[in-house]
Amino acid sequence: MSARESFCLDDALRSIEGVQLATVSGRLVRVSGLLLESLGCRRMTGQRCRIEQADGSMLEAQVVGFNRDITYLMPFKKPVGLITGSRVFPARDEGVLNIDASWLGRVVNGLGEPLDDRGRLGGSDTLSPELPNVNPLRRRPVSAPLDVGVRAINAMLTLGKGQRVGLFAGSGVGKSVLLGMITRQTTAEVVVVGLIGERGREVQEFLTESLGPEGLRKAVVVVAPANESPLMRLKATELCHRIAAYFRDQGSDVLLLVDSLTRYAMAQREIALALGEPPATKGYPPSVFGMLPELVESAGNGASDRGSLSALYTVLAEGDDHQDPIVDCARAILDGHIVLSRRLADMGHYPAIDVAASVSRCMSHVTSAAHQAAARQLKEMQTAYDKIRELIPLGGYTPGQDGRTDRAVQLAPVIERFLRQDVNEGADLQQSLAMLTKLVGRTA
C-alpha cells in the first residue's frame, strides 16, 4: 500500500467517528391546544425541534418549558396530523439566517422565509440569533432630530435618532395610514416594518396602499398575521429588532415600525397561560411585563458613532382605554407617546394626532430653544380653545372678555389646517418648523 493510499484510509477511518449511527428522538404524549408535550430526548429551552406528522412531513416547534420529564413544545405553525407517539427530533438547523442589503424590498415571515414569491433570501453576513443587547454606558445618546415627514410630529413632537416612541390609539383611527406616511416620507435610510397580529387583509392593503412601491424599496417587512401561532408572532417581532440592529450596525439610520406591541404582549400571554403561569393584571401574566422592557431596550442607538435605530411601536388602547395595563407599561418604558384621538378621526381630521395629550421626551435634546418655545405656545393656544370649544355653539362664549381666548378662537381654524396633512403630502422638518414659526408669529 502506497503512502497516499494509507493516508486516505486513515482519513476515512477518522471520519467514521463523526457518523451518527442512531437518531435520538422523543415521542409526543399529549396535545392541548397549541401546547405539545413530549417525553425522552433531553432538550434545552429555546431549542428547535421537528415533530413527525401522520403524512411523514415535519412540523417545526420550539421548547418553551418543561416539568420533570415532560418537555413543553410550541409549534410555529398550526399543528395538523399529529398522532400519539409521533417522533420528536432535535433540529440540526437552528434557523441561522444570512442577511445583507438584498433583503431591502422583501417581505418575510417570523422565520425569515420569503412571502413575496421573489426567490430565496441570503446574504454575506450572519444575522444574530438573539435580540441585540447594548451596554447602557456605551449606548450613544439621542442628539440629532429624525425627520418623519409628518408636520404635526416634526413641529410639535420632534423625534430624535435613537428614540423609542409609542403610538397609542384605538381601532380604526388611522394607525396604519400614519405608519405608511412615515415609511414613505422619513429621511431614515432603512425602514423595518413588523405587522404583528394584524388581519391578513390589512397586510396586503398596507403593502400596496399605505407603503407603496416607493416605501417598499427601502423597507424590510416582517409579517405574522393574527392566524399565525403565538410563537410565530413572538419570533416575527424579535426578528424585526434583529434586522433593524443589523442595518444600524452597518452604519445606516434605521426606523423600526412595529404594529403592534399589544399583539406581541397577547402572544406571550397565550404561551404563558398555556404553560400554567397565573394571570396577574387583567389576564396578563407577570412574564409579559418582563419581556416588554427587554424587547424595547433592544432598540435604540448602539455603541458606534455611525448608524442609529429609532423605533415606533403602535399600542392598541382597547375601547380607547389609555389606562390599559399594556398601554400603561408602554408609556413607562418608552421615550414618549403619540396619542391618536377618535374624536379627531370622527371629524375627518387626519392624522388624528392629539398634540396636547402627546409628548416627546427627547424633543428638548434635538431642537432649539426657539423651536420648543413655539411648540409650547401653539399647545397653549390649542388648549385654551379646547376649554371653550363646546360652549361656543351654546352661546357660552362672549368675545372681548379675555384677549388670549379671543386669539385662540380666531386662530383655531388656522391651527387645525396646520395640524392636518394629506396622505400623499410631504412635510419635511425645516418646512414644518418654518410654518410653525410663522403661525406662532400671528399669535403675538
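**Close-up views of a predicted model**

**View 1. The largest pocket and its lining.** The residues that line the largest pocket divide into 17 nonpolar, eleven polar and nine charged. In these classes, Ala, Val, Leu, Ile, Met, Phe, Trp, Tyr, Cys and Pro count as nonpolar, Asp, Glu, Lys and Arg as charged, and the others, Gly among them, as polar. The model is predicted: local features need pLDDT of at least 70 and side-chain atom pairs count only at pLDDT 80 or more, while totals for chains, interfaces and linings use all residues. Residues are numbered from 1 along each chain as its sequence is written, and side-chain values use heavy atoms, with hydrogens and water left out. The volume of the largest pocket is about 840 Å³. Its lining has 37 residues, and Q62, P129, E130, K235 and E238 are the closest to the pocket centre. Two or more lining residues come from each of β4 (58-67), α5 (230-249), α6 (261-274) and α7 (286-297). The most, six residues, come from α5. Pockets and cavities are found on a 1 Å grid over the protein atoms alone: a cavity is a set of points where a 1.4 Å probe fits but cannot get out, a pocket is an open set with protein on both sides within 12 Å along at least five of seven lines, and lining residues have an atom within 4 Å of a point. Grid points are joined across faces, edges and corners, and a volume is the space filled by probe spheres set on the points. Helices (H or I, at least four residues) and strands (E, at least two) are DSSP runs, numbered from the N terminus.

**View 2. The domains around the largest pocket.** The domain assignment of the protein gives domain 1 (23-90), domain 2 (97-365) and domain 3 (371-442); such bounds come from an automatic or database domain assignment. Why does the largest pocket lie between domain 1 and domain 2? Domain 1 and domain 2 both give residues to its lining, so the pocket lies between them. The C-alpha centres of domain 1 and domain 3 are 60 Å apart.

**View 3. The second largest pocket.** This pocket holds about 510 Å³ of space. It is lined by 24 residues, of which K175, S176, E198, R199 and E202 are the closest to its centre. At least two lining residues come from each of α3 (175-185) and α4 (200-216), and α4 has the largest share, with seven residues. By class, the lining of the second largest pocket has ten charged, seven polar and seven nonpolar residues.

**View 4. The barrel of six strands.** A closed barrel with antiparallel pairing runs β1-β2-β5-β4-β3-β6. On average, neighbouring strands of this sheet are turned by 45° against each other, direction ignored. Two strands pair if DSSP finds at least two bridges between them. Six bridges join β4 to β5 (residues 70-75) in the antiparallel sense, and P75 in β5 is the bridge partner of A61. Strand β6 (residues 87-90) runs antiparallel to β1 (residues 26-32), with two bridges between them; here R27 has R87 as its bridge partner. β6 is also joined to β3 (residues 48-52), in antiparallel fashion, by three bridges, and R50 has F89 in β6 as its bridge partner.

**View 5. The open sheet of eight strands.** With mixed pairing, the strand order is β8-β14-β13-β15-β16-β12-β17-β18. β8 (107-108) and β18 (359-360) stand at the edges with a single partner strand each, so one side of each has no neighbour in the sheet. Strands β13 (residues 190-196) and β15 (residues 253-259) run parallel and are joined by six bridges. L255 in β15 is the bridge partner of V191. Helix α3 lies across β12 (164-169), β13, β15 and β16 (308-316), and runs at about 170° to β15. Contact means heavy atoms within 4.5 Å. Axes are lines fitted to C-alpha atoms, for helices over the stretch in contact, and angles run from 0 to 180 degrees between N-to-C directions.

**View 6. The cavity.** How many cavities of 30 Å³ or more does the structure hold? It holds one. The space in the largest cavity is about 70 Å³. Of its 13 lining residues, V148, L159, L255, A311 and L312 are the closest to the centre. β11 (159-160) and β16 each give two or more residues to this lining, and β16 has the largest share, with three. The lining of the largest cavity has ten nonpolar and three polar residues, and no charged ones.
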